[in-house]
Amino acid sequence: MADLKITPEEINEIFSLVARDPDVDAETKKTLEKLGAWLKAAIRNGDHLPGIGPGKHFEAGVLTREFPVRAIPVKEFPVENRADPVGVTKPARRVRPPPGHVLLTITEFLFRRATFEQVIVPAVEDMRLEHCDALVQGRARKARWIHVRGVAGVILAGFLVALGDVLEGLRKAYRAVTG
Amino acid sequence: MEIPRLSGKEAEILRLLTTNGEMYGLEMVTASQELKRGTVYVTLMRMAEKGFVESREEESPPPNRPPRKLFRATGQGVRVYRAMEAASRVYGGGVAWQT
């Protein structure tokens with residue numbers, strides 16, 4: 001914690017984020033309110049913390065020493081940039097496309113329409129259904145496995161259809177030649 | 001005239017559909033040990049091309065998911081399955097499904 005540097009502006013940003021977060025419990029909010037009042041006084045006086053002041057940083061270790069605050073739920077914040085552990089500058093993208101989104105886009109171009117509609121789309125929909133069921137049960141690992149298995153299955157299915165089409169073409173050609 | 005052929009997976013699908021009526025792909029996979037997620041729709045597509053099964057979209061799906069594709073055996077599919085089943089019985093299980 002000694003190398004973590006936070007500016008007063010970032011601390012204020014944390015307070016505002018915590019205040020808006022419905023998941024933060026009342027005790028944490030109360031603790032943070034106390035910390036906020038203490039920080040304001042420290043910033044006003046200027047001499048309570050080393051290096052304190054607009055645009056300057058202070059060691060987070062000082063905070064925990066001076067004020068035994070309960071763990072600030074920094075990890076619960078959306079962190080996109082790992083170099084910015086506070087994670088207030090760039091909130092992570094929370095809405096993600098469903099599994100199989102890229103796969104559908106690619107296979108739509110690769111396969112003929114009948115194959116895409118009758119094989120690829122239902123297989124991806126089944127994968128999404130199973131994926132969501134696993135997530136609802138809180139089984140994130142199983143959901144990931146379903147995603148990987150589903151993608152592999154769709155690729156295998158596409159390969160089988162393509163192979164079948166080639167063999168069927170060869171069979172027809174052979175019959176045409178041999179009569 | 002070309003004699004209809006039935007693979008092991010096709011026979012399994014027809015068995016499920018003649019027993020349970022309409023089913024969707026994932027339902028068939030979970031109900032059977034032989035069918036796999038990756039290949040069931042390929043088999044169903046081939047069977048539809050041969051005229052053994054037909055499909056329709058679910059009419060009133062729940063609002064949280066898209067409509068499923070329900071499959072059912074056609075008259076031809078049922079006839080072929082019954083014929084293969086009868087042949088298998090007559091020959092004491094000696095008639096293997098073509099794979």
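## Helix 3 of chain B

Helices here are DSSP runs of H or I with at least four residues, numbered from the N terminus. The model is predicted. In it, helix 3 of chain B is followed by Gly51(B), whose phi is positive, near 90°.

The length of this helix can be checked. At 1.5 Å a residue, its 14 residues should span 20 Å, and the end C-alpha atoms of helix 3 of chain B are 21 Å apart, which agrees.

## Burial and packing

Of the 14 residues of helix 3 of chain B, 10 are buried, so the helix is largely enclosed by the rest of the structure. Among them are Val40(B), Tyr41(B), Leu44(B) and Met47(B).

The buried residues pack against elements of chain A, namely helix 5 (113–136) and helix 6 (140–178). In chain B they pack against helix 1 (8–20), helix 2, strand 2 (53–57) and strand 3 (69–73).

## Contact between the chains

Chain B gives 11 residues to the contact and chain A gives 12. On the side of chain B, helix 2 (25–31) and helix 3 (37–50) each give two or more residues. Helix 3 of chain B gives the most, with six. The chain B side divides into five nonpolar, three polar and three charged residues.

## The sheet of chain B

Strands of a sheet pair through backbone hydrogen bonds, either parallel or antiparallel. In chain B, three strands form an open, antiparallel sheet in the order 1-3-2. Strand 1 (23–24) and strand 2 of chain B are the edge strands, each pairing on one side only.

Five bridges join strand 2 to strand 3 of chain B. Val53(B) has Ala73(B), in strand 3 of chain B, as its bridge partner. Helix 1 of chain B packs on the sheet and touches strand 1, strand 2 and strand 3. The direction of helix 1 makes about 95° with that of strand 3 of chain B.

How values were computed:
Residues numbered from 1 in each chain as written. Chains lettered and ligands numbered in written order. Predicted model: local features only at pLDDT ≥ 70, side-chain atom pairs only at ≥ 80, totals over all residues. Contact = placed C-beta atoms within 7 Å. Nonpolar A, V, L, I, M, F, W, Y, C, P; charged D, E, K, R; others polar. Expected span 1.5 Å × (residues − 1). Buried ≥ 20, exposed ≤ 12 C-beta atoms within 10 Å, placed from the backbone. Pairing = 2+ DSSP bridges. Axes fitted to C-alpha atoms, helices over the stretch in contact; angles between N-to-C directions.
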